[in-house]
Amino acid sequence: MRVLVISTPVDTHFLPLLPLIRALADAGHEILVTGQPDVTRAAEAAGLAAVTFGDAFHPEDLRGGRRPAGMRPIEVFGRPDRQQIGGVAQVWRNHVPYFLPDYLDLAREWRPDLVLSEHMEFAGSIIGALLGIPNVQHRWGVNPTAPAMLNFVRLYQGPVCERLGLDHVPVPDLLLDPAPPSLADREAPAASPIRPVPHTGRGTPWAYRTPPGRRVAVALGGHTLELGGASLLRRVVDVLAGLGDIEAVVSAAPEHREAVGALPDGVTYTELTAPGLLFPGADLAIHHGGANSTLGAAALGVPQLVLPQLGDAFVAGDRIADAGAGITLDSAELQNDPGRLADAVRALLDEPTYRADAAAVRAEIDAMPSPAEVAVELEQLAVRREVRA
């Protein structure tokens, strides 16, 4: 079976698909990834064949806006409401026409048996319908896109589909959701479960030197640091140092370290970014609420302190807190208060209920179908479509 993989041009949108892609490849299926350089670079780094169209998208331009220097988006705009968070779907609906002709030409030449896309890459369903092959969509993580917003997106896709000869706006044949029941968004359309697997990239897991109990992994994400987050990371580091008897590893690329400053004893920089390398062995994960970090920590049973800055990260923080698996500080005032940060870290390290609830979420994830099991389901889906044709 040939599988064409398409993603919106953000590497963190593509990475949640990797476990399923690898399962398909391990089963002998041929994989081809296409997209802009933001995605195809990540695909090639994972050893996958890729075809690139266009220039880099630079998603940070969407995230930052025009802000006073050194201020994070949350400090300027506050927490977005539900409609604003779901409205990101309109950005990716508008993006579809730019590369749909290129993707379609590639698909007609390569002749895939199935299209796999993440859930905001709406071109995948159109290509599947035009070629008469199944389209499978895979969510990033905790999905806050309500049915009303998706219906609005499809309404505005109508003219594009009509010009291509379709009499309807297609929907995916199968929608996959890596969020376990306790973290799944209540307003999201129903989907089939797939077990999230923490991304590891290429590297060796961080080796903690101290016994379990006070180990902390800090990964606020590269985009957070690019968007004025150095002061927040410095505040987190100082809080950890002030609590004492903590071993912490801090993920930050070298170009951001001067702004953050030298680290105190017991705190170490690393260039590792993958949750599957940073979070194993940790007693607490402090992160920005990205899908890979949230579900990576959840799959490992690690309590979480979520410091959201943008978009659906706020929803991820809410769901982690509601499940009892962590704490979210969802305003600039809370995040900028060293006392509130220290209280949250102490609670997450010292109160056993957080570890117990994080373990319960991990048990839910362990019970979800593995990527290998879902790969078999996709094989059967492709065969059934072929028989109908």
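Which helices each supply at least two residues of the lining of the largest cavity? Keep that in mind; the views below get there.

The model is predicted, so local features need pLDDT of at least 70 and side-chain atom pairs count only at pLDDT 80 or more, while totals for chains, interfaces and linings use all residues. Residues are numbered from 1 along each chain as its sequence is written, and side-chain values use heavy atoms, with hydrogens and water left out.

**View 1. An open sheet of 7 strands, paired in parallel.** The strand order is β3-β2-β1-β4-β5-β6-β7. β3 (50-52) and β7 (192-193) sit at the edges with a single partner strand each, so one side of each has no neighbour in the sheet. Helices (H or I, at least four residues) and strands (E, at least two) are DSSP runs numbered from the N terminus, and two strands pair if DSSP finds at least two bridges between them. Look at β1 (residues 2-6) and β4 (residues 114-118): they pair in the parallel sense over 4 bridges. Val3 has Leu114 of β4 as its bridge partner.

View 2. Contact here means heavy atoms within 4.5 Å; axes are lines fitted to C-alpha atoms, for helices over the stretch in contact, and angles run from 0 to 180 degrees between N-to-C directions. Several α2 residues are buried, including Leu18, Ile21 and Leu24. Buried means under 20% relative accessible area, exposed over 50% and partly exposed in between (1.4 Å probe, protein chains only).

**View 3. The largest nonpolar core has 35 residues.** Such a core is a set of buried Ala, Val, Leu, Ile, Met, Phe, Trp, Tyr and Cys residues joined through side-chain atoms within 4.5 Å. Ile286 and Leu305 touch the most other members. The largest share, 8 residues, comes from α11. Beyond its neighbours within four places in sequence, Leu305 has contacts that include Leu284, Ile286, Ile327 and Leu348. Another core, of 29 residues, lies apart from this one, with Val96 and Phe99 among them.

**View 4. Ala248 sits in strand β9.** Ala248 counts as buried because its relative accessibility is 1%. Ala248 and Arg215 are 33 residues apart in sequence, yet 5.9 Å apart in space, C-alpha to C-alpha.

**View 5. Arg111 and Asp245 have a positive phi without being glycine.** Most residues other than glycine have a negative phi. Arg111, with phi of about 60°, lies in the loop between α7 (88-110) and β4. Asp245, with phi of about 55°, is in the loop between α11 and β9. Arg111 is exposed at 64% relative accessible area, and Asp245 is exposed at 68%.

**View 6. The largest cavity has a volume of about 60 Å³.** Back to the opening question: α14 (291-300) and α15 (313-322) each supply at least two residues of its lining. Trp140, Val142, Thr294 and Asp312 are among the lining residues. A cavity is a set of points, on a 1 Å grid over the protein atoms alone, where a 1.4 Å probe fits but cannot get out, and lining residues have an atom within 4 Å of a point.

Definitions and conventions: 1 Å grid on protein atoms, 1.4 Å probe; cavity = no way out; pocket = protein on both sides within 12 Å on 5 of 7 lines; lining within 4 Å. Points joined across faces, edges and corners; volume = space filled by probe spheres on them.
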